Amino acid sequence: VKDQLESFRRELRTEKGFIWQSWDQAAQWCVQRNVNLEEALLWADSASNNFGGDRSFQAWSTKAQILQKMGKGAEAAEIMKKALPFGTMNEVHQYARQLLGLKFTKMAFDVFKTNLDKYPNQFTTVMGMARAYSALNDFTNALKFANQALLLAPDEQNKTYVQGLIDKLKQKKDIN
C-alpha cells in the first residue's frame with residue numbers, strides 16, 4: 001500500500017497530473033482499499049475541479065464515495081446531486097440501484113425519476129421506475145412501468161427477465 005501511494009504521488013507530479021482521470025484513479029484506488037482517505041479526498045478534489053473532471057460523473061462520484069467512507073453522508077449526497085447532470089443514463093441508473101441497495105428508497109426514487117425525465121421511453125429508465133415504485137410497495141405503478149419496459153426490451157433475454165419481474169409484481173412482491 002505504501003509503495004503504491006508513493007507511486008501515485010510521484011506520477012501526479014508528472015504529465016499524468018494534467019488529466020483528471022489520473023487523480024480519480026488514485027483516489028478510487030484508496031476508496032476501494034479504505035486507505036489514505038484524507039489525501040484521497042484531496043486527489044478527488046483535483047479530479048472533480050480540474051482538467052474537465054468538473055463535468056465528470058465519475059470524478060464527482062469518487063469524491064462522494066470517499067466522503068461516505070469518512071462518515072460524511074450528507075456531504076456525499078450533496079456531491080451526488082452535483083454529479084447527476086453529468087451522468088450517462090447507465091451511470092445514473094446504477095447509482096440509483098446502489099441507493100436502493102442501501103435502503104435509501106426515497107432518494108433512489110428521485111434519482112430514477114430524474115433519469116426518466118432526462119431519457120424518456122428508454123428501457124433502462126422505464127425499468128428503473130418499475131424498481132423505484134416496487135421499492136415503495138406501490139405495485140400498481142411498478143407493474144405499469146414494468147409492462148412498458150417489456151415493450152421496450154431490446155432482446156428476448158430481457159423480455160424473459162422482465163416478464164419474470166411482472167409475474168412477481170402481480171403477486172405484490174418486491175423486484176429489488
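The largest nonpolar core has 57 residues, and Trp43 and Ile66 have the most contacts inside it. A nonpolar core is a set of buried Ala, Val, Leu, Ile, Met, Phe, Trp, Tyr and Cys residues joined through side-chain atoms within 4.5 Å. Buried means under 20% relative accessible area (1.4 Å probe, protein chains only). In soluble globular proteins, nonpolar side chains tend to be buried together.

This is a predicted model: local features need pLDDT of at least 70, side-chain atom pairs count only at pLDDT 80 or more, and totals for chains, interfaces and linings use all residues. Residues are numbered from 1 along each chain as its sequence is written, and side-chain values use heavy atoms, without hydrogens and water.

Look at isoleucine 66. Beyond its neighbours within four places in sequence, isoleucine 66 is in contact (heavy atoms within 4.5 Å) with Ala27, Val31, Leu37, Ala40, Leu41 and Ala44.

Now turn to helix H9. Helices are DSSP runs (H or I, at least four residues), numbered from the N terminus. Helix H9 covers residues 139–152 and holds leucine 143. Setting aside residues up to four places away in sequence, leucine 143 touches Ile166, Leu169 and Lys170. Threonine 114 lies 29 residues from leucine 143 along the chain, and their C-alpha atoms are 19 Å apart.

Notes
Buried means under 20% relative accessible area, exposed over 50%, partly exposed in between (1.4 Å probe, protein chains only). Helices (H or I, at least four residues) and strands (E, at least two) are DSSP runs, numbered from the N terminus.
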